[in-house]
Amino acid sequence: MKTLADLQAIRESKLQELHNRREHDGPRVVVGMATCGIAAGARPVLQAFMSEIAKSDLKDVMIQQMGCIGMCRLEPIVEIFRGSEDKVTYVHMTPDKVARVVSEHLVNGRPVMEYTIGAAEQH
């Protein structure tokens, strides 16, 4: 960046990215990446989601990182938003669980209930 015009171009680019995120209608996968999530293994979970979504050729899925979701004892936590459906919160996620979540929930619209917060709270 050498000029004010360069800075303005960067600003416009970032504003467009922000607008695109807000206007996104497809599914969103949100991975808790605060210190507690990272310590519990959220980074490999995030990488597994990126890999599985690419393998499944899902073009409309947005993957986002988030800070603390507020339930550190349940980390790694992943929240999935699909249109007007209720948010689904997956807890104690591992890279091994990701392929099933992608194929059943993101591809076929059926949450994997035994990985969700509701199932974890019953134990």
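**Close-up views of a predicted model**

View 1. Four strands form an open sheet in the order 2-1-3-4, with mixed pairing, where strands are DSSP runs (E, at least two residues) numbered from the N terminus and two strands pair if DSSP finds at least two bridges between them. Strand 2 and strand 4 stand at the edges with a single partner strand each, so one side of each has no neighbour in the sheet. With direction ignored, neighbouring strands of this sheet are turned by 20° against each other on average, the axes being lines fitted to C-alpha atoms. The model is predicted, so that local features need pLDDT of at least 70 and side-chain atom pairs count only at pLDDT 80 or more, while totals for chains, interfaces and linings use all residues. Residues are numbered from 1 along each chain as its sequence is written, and side-chain values use heavy atoms, with hydrogens and water left out.

**View 2. Strand 1 beside strand 3.** Strand 1 (residues 28–32) and strand 3 run antiparallel and are joined by four bridges; among the residues involved, arginine 28 has phenylalanine 81 as its bridge partner in strand 3.

**View 3. A cis peptide bond in a loop.** Glutamate 75 and proline 76 are joined by a cis peptide bond with omega about -10°, and proline 76 is found in the loop between strand 2 (62–66) and strand 3 (78–81).

**View 4. Positive phi values.** Most residues other than glycine have a negative phi. Aspartate 57, in the loop between helix 3 (42–55) and strand 2, has a positive phi near 55°. Histidine 92, in the loop between strand 4 (88–90) and helix 4 (95–107), has a positive phi near 50°. Helices are DSSP runs (H or I) of at least four residues.

Terms used. Axes fitted to C-alpha atoms, helices over the stretch in contact; angles between N-to-C directions.
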